[in-house]
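Welcome, and take a moment to look over the structure shown here. The report below walks through it step by step.

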Amino acid sequence: MKIKVGPSILACDFANLETEIKRAKDAGADFLHVDVMDGHFVPNITIGPGVVSAVRKKTDLPIHAHLMIEHPEDYIDSFAKSGADIISFHIEALGKSRNARLKKANALIKRIKKLNKRPAIAINPATPLSEIKVLLEKLDWVLVMSVNPGFGGQDFIAAVLDKIFELRNIFDGDIEVDGGINDITGRAVVRKGANILAAGTYLFKSDDMKEAIRRLKNDE
């Protein structure tokens with residue numbers, strides 16, 4: 001299985017964003033992972049469609065807009081217009097009842113596809129796969145969080161390894177893992193069935209991003 005790597009720009013030097021984007025592409029990045037936080041769903045505020053639009057003008061790499069926000073339905077069109085290629089939203093952000101979450105998730109998936117973008121659903125470490133199983137037939141990308149969303153640089157939560165393994169046994173699409181990914185944890189999640197790795201601190205703080213990406217891809 002070919003492993004793809006997406007540097008998470010949350011960890012980059014924003015004063016030199018264009019240079020950092022180019023560094024990621026030159027190092028062998030397959031896409032850029034953009035963490036969008038609203039200060040409500042998660043206790044942090046990051047970036048919005050304007051930054052995604054600026055990134056889009058500077059690279060031809062696919063952009064994954066990871067929406068860690070309440071009411072993602074209000075922003076899907078903006079992120080699609082800004083140039084995001086993959087748009088993920090959190091099942092936990094879609095309401096208090098399971099029926100409400102599933103109804104809204106189905107509507108979001110349909111909307112993202114209508115905009116000719118690739119929908120993905122994200123799931124937090126403590127959320128069971130049962131929350132999203134009925135949605136899998138409508139998706140080809142699932143984002144498994146291996147830290148609690150909100151801040152970069154957190155330690156990997158090993159308990160998600162079983163979830164990744166369980167997901168791979170019922171899902172043939174892309175499984176991305178985000179949070180605390182480095183050459184050691186990256187190898188662990190790949191063994192469990194993940195094929196896409198998002199990494200921020202490990203890559204952007206590396207002295208040699210090309211070598212760091214090579215290690216994540218396990219290219220000998």
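Predicted model: local features only at pLDDT ≥ 70, side-chain atom pairs only at ≥ 80, totals over all residues.

Contact here means heavy atoms within 4.5 Å.

Residues are numbered from 1 along each chain as its sequence is written, and side-chain values use heavy atoms, with hydrogens and water left out.

**The whole protein**

The protein has 8 helices and 8 strands; these are DSSP runs numbered from the N terminus, with helices (H or I) of at least four residues and strands (E) of at least two. Its radius of gyration is 16 Å, close to the 17 Å that the globule rule gives for 220 residues, so the protein is as compact as a globular protein of that length. That radius is taken over C-alpha atoms, and the globule rule is 2.2 Å times the number of residues to the power 0.38. Along the principal axes, the C-alpha atoms fill a box of roughly 45 × 35 × 30 Å.

Of the 220 residues, 54% are buried. Buried means under 20% relative accessible area, exposed means over 50%, and partly exposed lies in between (1.4 Å probe, protein chains only). Among contacts between residues at least 6 apart in sequence, 65% join residues at least 24 apart.

**Two residues in one loop**

Ser146 is found in the loop between S6 and H5. Ala159 is found in the loop between strand S6 (141-145) and helix H5 (160-168). Are these residues buried or exposed? Ser146 is buried, with a relative accessible area of 0%, whereas Ala159 is exposed at 61%. Ala159 and Pro125 are 34 residues apart in sequence, and their C-alpha atoms are 7.8 Å apart in space.

In H8, Met209, Ala212, Ile213, Leu216 and Lys217 are buried. They cover an arc of only 135° around the axis, which puts them on the same side of H8; the arc is that of the directions from the helix axis to the C-beta atoms. What do the buried residues of H8 pack against? Their partners are strand S1 (4-7), helix H1 (17-26), helix H6 (183-192), strand S8 (196-199) and H7.

Asp208 caps the N-terminal end of H8, and Asn218, whose phi is positive, near 60°, follows the helix. Ser206 sits in the loop between helix H7 (201-204) and helix H8 (209-217). Not counting residues up to four places away in sequence, Ser206 touches Arg23, Thr201 and Ala212.

Gly200 lies in the loop between S8 and H7 and counts as buried at 16% relative accessibility.

| Side chain | Backbone atom | Distance |
|---|---|---|
| Ser146 | oxygen of Gly179 | 2.6 Å |
| Ser206 | nitrogen of Asp208 | 3.0 Å |
| Asp208 (oxygen) | nitrogen of Lys210 | 3.3 Å |

These are polar contacts, meaning pairs of N or O atoms within 3.5 Å; within protein, one must be able to donate a hydrogen and the other to accept it, and residues adjacent in sequence count only if both atoms are side-chain atoms.
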